[in-house]
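Here is a short briefing on a protein model. Look over the sequence and the structure first, then read the points by topic.

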Amino acid sequence: MADQALRLMELLRAIPREGGVSTSDLARRLEEAGYAITARSIQRDLERLSRLYPLVADTRSKPYGWR
């Protein structure tokens, strides 16, 4: 559970306030930080986190860009 919380914090840190970042870029950043996770799991995490934090998905094209 603690690993998941740390991973989610790292995920939030990787999302820019301006512009956007794709799920695949987030997966690469998390992998570089030592977390093995699939892009689909990141998408699920982002959807859950967006209910709690002011995250915005650019849904005009796939993969979505997050900010």
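**Strands and sheet**

Strand 2 and strand 3 pair in the antiparallel sense, over 2 bridges. The model is predicted.

- An open sheet is built from 3 strands, in the order 1-3-2, with antiparallel pairing.
- Strand 1 and strand 2 (57–58) are the edge strands, and each pairs on one side only.
- Aspartate 58 faces glycine 65, which belongs to strand 3.
- Aspartate 58 is partly exposed, because its relative accessibility is 30%, and a buried residue must fall under 20%.
- The side chain of aspartate 58 also forms a salt bridge with that of arginine 60, at 2.8 Å from N to O.
- Arginine 60 is exposed, with a relative accessible area of 74%.

**Helix 1**

- Helix 1 covers residues 2–14, which is 13 residues.
- At 1.5 Å a residue, helix 1 should span 18 Å; the end C-alpha atoms are 19 Å apart, which agrees.
- Arg7, Leu11 and Ala14 are the buried residues of helix 1.
- Viewed down the axis of helix 1, these buried residues fall within an arc of 65°, so they line one face of the helix.
- Ala2, Met9 and Arg13 are exposed on the other side of helix 1.
- The packing partners of the buried residues of helix 1 are strand 1 (21–22), helix 2 (23–32) and helix 3.

**Helix 3**

- Helix 3 has 14 residues and should span 20 Å at 1.5 Å a residue; its end C-alpha atoms are 20 Å apart, which agrees.
- Ile42, Asp45, Leu46 and Leu49 are the buried residues of helix 3.
- They cover an arc of only 105° around the axis, so they sit on the same side of helix 3.
- Helix 1, helix 2 and strand 3 (65–66) are what the buried residues of helix 3 pack against.

**Aspartate 45**

- Aspartate 45 belongs to helix 3, which runs over residues 39–52.
- Is aspartate 45 buried or exposed? Aspartate 45 counts as buried, because its relative accessibility is 4% and the cut-off for buried is under 20%.
- Leaving out residues up to four places away in sequence, aspartate 45 touches Arg7, Leu8, Leu11 and Ile37.
- Among these, Arg7 makes a polar contact of 2.4 Å with aspartate 45, side chain to side chain.

**Salt bridges**

- How many salt bridges are there? The count comes to 6 salt bridges.
- One of them joins the side chains of arginine 7 and aspartate 45, at 2.4 Å from N to O.
- Arginine 7 is in helix 1 and aspartate 45 is in helix 3, so this pair ties together parts that are 38 residues apart in sequence.
- Arginine 7 and aspartate 45 are both buried.
- Salt bridges link Arg7, Asp45 and Arg48 in a network.
- The side chains of arginine 28 and glutamate 32 also meet in a salt bridge, at 3.5 Å from N to O.
- Arginine 28 and glutamate 32 are 4 residues apart in helix 2, so about one helical turn separates them.
- Arginine 28 is partly exposed, with a relative accessible area of 41%.
- Glutamate 32 is exposed, with a relative accessible area of 61%.

**A loop residue**

- Where does lysine 62 lie? Lysine 62 is in the loop between strand 2 and strand 3.
- Lysine 62 counts as exposed, because its relative accessibility is 73% and exposed means over 50%.
- From C-alpha to C-alpha, lysine 62 and isoleucine 37 are 19 Å apart in space; in sequence they are 25 residues apart.

How values were computed:
Residues are numbered from 1 along each chain as its sequence is written. This is a predicted model: local features need pLDDT of at least 70, side-chain atom pairs count only at pLDDT 80 or more; totals for chains, interfaces and linings use all residues. Side-chain values use heavy atoms; hydrogens and water are left out. Buried means under 20% relative accessible area, exposed over 50%, partly exposed in between (1.4 Å probe, protein chains only). A polar contact is a pair of N or O atoms within 3.5 Å; within protein, one must be able to donate a hydrogen and the other to accept it, and residues adjacent in sequence count only if both atoms are side-chain atoms. Contact means heavy atoms within 4.5 Å. The expected span of a helix is 1.5 Å times one less than its number of residues. The arc is that of the directions from the helix axis to the C-beta atoms. Two strands pair if DSSP finds at least two bridges between them. A salt bridge is a side-chain nitrogen of Lys or Arg within 4 Å of a carboxyl oxygen of Asp or Glu.
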